[in-house]
Structures are given as C-alpha cells and as structure tokens.
Amino acid sequence: MAESGSPFLFWFSFFCLLHSLPVYYSISPPPRFPSSLIPPEEKVSLAARQNQLYRTKYFTQILDHFNYYPKSYDTFQQRYLINDTFWGGAKSNAPIFVYTGNEGNIEWFAQNTGFLYEIAPHFKALIIFIEHRFYGKSLPFGGKKDVAYSNATTLGYLSSTQALADYASLIIDLKKNLTATDSPVVVFGGSYGGMLAAWFRLKYPHVTIGALASSSPILNFENITSPYSFNNIVTKDFRSESESCYKVIKGSWQQIEDTANQPGGIELLRKSFRICKNHFTGYDLEGWLGTAYIYTAMTDYPTPSNFLSPMPAYPVKQMCKAIDDPATGNDTFAKLFGAATVYYNYTGTATCFDPNDNSDPHDLGGWQWQACTEMIMPTSGNNEESIFPPSEWQYQGRVSYCEGAYGVEPRPNWITTEFGGHDIKRVLRRYGSNIIFFNGLRDPWSGGGVLSNISESIVAIVAKEGAHHVDLRFKTSEDPEWLKDVRKQEIGIIAKWISEYYHDLALDLLS
C-alpha cells in the first residue's frame, strides 16, 4: 500500500503554532529549517543527472578552527562536489562558483540547482558544492553519525562559524592545488545556505569577491523581525487567492479539535483524510495540514515543481480551488482533504497518509542542534487575522526542550553578535560590498530578508510574485518574464564583480 506523509516535517515555523498547552513546549523538539533548491523537471533520470553534474571528492578538514586544544586538531573528511566541464582554467584566471552547503546532504542541493550550471558556460566557471559539516557524509568522529550526534560534547563542533571556516579553508586549499590562486570566487546559496553565503562574503572578503544570497532571512532574529511576519505572509498568500478559502482554513482548527475529542471522532478524521492504520491525534492531523499550507506557500512557484512533493504551478491557487469546489458543499473536511492532496498526492499514487512520518532521507537531523544553540529565529506568532490559531512566540518553550535534550541553553543573540543584523543599512553601507539579496514576497521567509538596497553594491532584488529561492531553480520554457528578468539582473551584477576584479588584478600586476 502506498503511503504519503510529511516527508521531512521541518516544523521550523510551525513550532508552537497549534499546540497551546504549556506541556507542549517542554516536550517538542525545535523545528528544522526549510531546505532550499528546487529540482529541475527535465526528462532525464536522476542517476544520469548525477553523472553529468559533478564528481565527488573529499578534503581533510580540521575539527575546530578556533581553539588550540589537542582535540581541536582532529580531522574529518569533508565532501565536496566539482564540475569543471565549463572551466576556462587556471591560466586564464577563470572564475570559481562555490555553493555554500545547507543543512543536508550536498548531493540533494547539487542535483537540484540549475542556476549555477546554466550560467557557468557564460562565465567559463568551475562549479563547487561544499557539504556542511555534520550533514550528509561530512561527519566528524570517524564518519559515524551515532558518535557525531551522540551528545553536546560532539555536537558542540556544529555551528555556522565552524562551517564558514571550513569553506574558507577548503577554497584556499583547492585554489592552491589547482594553481588558481588568482581565480575569483563567487559564492551562492539559498535559504540557510544563502545566509551562509552572505555571511561568508562579510567574514571572508579575501576569499570571495561576492555573494548571491537567495531567500536568506538574515534578519529573522530576536528584536529585528516580528515573530508574526512569517505566518502573516502565509495568510496573505491564501487570502489573496480567495477570501472563502482563507475563512475555511482559519475556521477549521477548532472543528478538527472538537471532532478529535468526540467519541469516534478520530475514526471519522481517519476516514475523512484517509489516514493509514497507525495511531494519530487531532494535533498530529493539524500539524500535517499546517505543514502542507506552509510549504505550499513557500514553494508557490509559477511552474510545476517536484521538491518536497510534486506540485502544479501556482499550488496555493490550486489548494484554494479545491477548497472552493462546489462539489464539496459544506463538508469542511472534504475541502481540506482536497487542498492537502495538492501537496501530498498531486500524482495520485498515495492511497493513505501518515501524519507522523518523520523520515529524514536528506540527512537534515543536525538542524535540531543548531536550532537549540544559535539559530533562534522567531516565526510562530499568529495574530487574530492569521490563518492559524492565535499564538505568541514562546522562547521559553525552546529553552525547555533544548535543556532537556542536550543540556544546553540557546543563545538567541549570538548570530546578531557574530554577524550583525541590527541597523544593517547603516552598518553595511560603510563596510560591506558585492552581495545580492533575492527575495520573493510570496515566500514567508521574505519578512526576515533584506528587501531594499543597502548600497550601490549590496543590492536587493525583490519579486512580488516570487517564492522561496525561485531564482535558483532550473529554467523552464514556462518561466514568466519577471523571473527571467531576475536572473538577468543577477548575471549582470556578477559579471560586473568579475570584470572589476580582473581590472584590479591587472593593475596589481602592473604595479
């Protein structure tokens, strides 16, 4: 029997969303970050695409870049993927494009990033994807996940700062081995990877000449971005399609809860939503539905996609079309099920669904530690107009879980201490340069992004109809003109960076 669930249940924005009981905060893990990069829809097999896109290599990486304890000098094998098909070579100082790996298996991102491959021939660029430590196969402590993830002592080496230092060390060593020390490096990333790309440019300007940070919510931290922003945008996405659709979803949570608490209610819900023969609660069902709404809003692309789940173009519109279908009459559950199938079963192959599916096929588990230490990004607030039940961001809930799970207390102000964020325009106007921030305003994470130009060379490209790092997708014949224009702008800016670099390099050689 085919089953379908929430494939990864990242729950980053859904943490504390539907569960108002205080006990929930003490027992629920923090959610994972939404992954980036959207796969192409070319008619080739994944295996063939893998063989065409990259070769796998490993770099001997140091465990701890910032201390000098004997343990700090331990090493691990860090995976990176390389494509030199289009590279102009070291002798011509041809550029190197580096993807700063996210919180997951790097092959997943490399197989699903079209933009780098499509612009590399124009720039004659070498392509590198570097895997983030503690994810995929880049595991310290002998490559054994059970050891690396065993406790706070081992997981303590998992952080954004260590990851950035990894990238710098690998890039410098790679350029040396390729005799390409004068080749300019441009870094790219989406979502958390985009945050890393922007921070890498600021922290390591001697290693990279510029960064494209797509859908990177670097401002989604305490006292900068409202905790209501994320779900306000989800609400706006659905409400802009249909007021009745919005009202049905908004009014459904209490109905689900009431039904679940009635004798025979769980079985009624099981039948209405075709839940498999496993145990579930009303809260589980609410989470399953909420996950569908949130990730459909994030990936509300203008063309069909197949990342978290196969979905049609403009999937929010299709969800609301299902909810507003006259054939469902006044049956709220039938309406919700029709909407959910847009996300969970667009292909029609699933015969039942598992709201408790916590499978992790892309090795995302390390994010739980990062969400317990440095990546404290408030997103779960809901006002009275929200499509979700009213709630407030509960930092203490995060603290309770993290102390119980790891014996550590989160540091909510560390990211802004280390990388900045407050008064970002005033600060970076005189300091940083050469960063592109892309955001699509239909993406719930755009509320924590940079949405206006900071300086002449730190620019914001904003697409009203854009969704989560849509610019990094493989292009299709159905792409709208605004998306083509976004990519054209990005290519032009990157070309300018490289041209300026070559000009400066020539001046240095003459002096």
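**Aromatic contacts and charges over rings**

In this predicted model, Phe388 is buried, its relative accessible area being 1%. Trp253 is likewise assigned as buried, with a relative accessible area of 3%, a value that falls under the 20% cut-off for burial. Across the whole structure, a search returns 26 aromatic pairs. In one of them, the ring centres of Trp253 and Phe388 are separated by 5.7 Å and the ring planes meet at 40°, so the pair is classed as tilted. Because Trp253 belongs to helix H10 (residues 243–260), while Phe388 is placed in the loop between helix H15 (367–373) and helix H16 (395–406), this contact ties together parts that lie 135 residues apart in sequence.

A stacked arrangement is found for Trp288 and Tyr344, whose ring centres are 4.4 Å apart with an angle of 5° between the planes. This pair also links distant parts of the chain, since Trp288 is located in helix H12 (residues 282–298) and Tyr344 in helix H14 (residues 332–344), at a separation of 56 residues. Both partners are buried, with relative accessible areas of 1% for Trp288 and 5% for Tyr344. Trp288 and Tyr344 are, moreover, members of one aromatic cluster, which is formed together with Phe273, Phe333, Phe337, Tyr343 and Phe353.

Charged side chains are also placed over aromatic rings. Lys145 lies over the face of Tyr149, at a distance of 5.3 Å from the ring centre, and Arg473 is positioned over the face of Tyr301, at 4.7 Å from the centre of that ring.

Terms used
Residues are numbered from 1 along each chain as its sequence is written. This is a predicted model: local features need pLDDT of at least 70, side-chain atom pairs count only at pLDDT 80 or more; totals for chains, interfaces and linings use all residues. Side-chain values use heavy atoms; hydrogens and water are left out. Rings of Phe, Tyr and Trp (its six-membered ring) pair if their centres lie within 6.5 Å; planes under 30 degrees apart count as stacked, over 60 as edge-to-face and the rest as tilted. Helices (H or I, at least four residues) and strands (E, at least two) are DSSP runs, numbered from the N terminus. Buried means under 20% relative accessible area, exposed over 50%, partly exposed in between (1.4 Å probe, protein chains only). A charge sits over a ring if NZ of Lys or CZ of Arg is within 6 Å of the ring centre and within 35 degrees of the ring normal.
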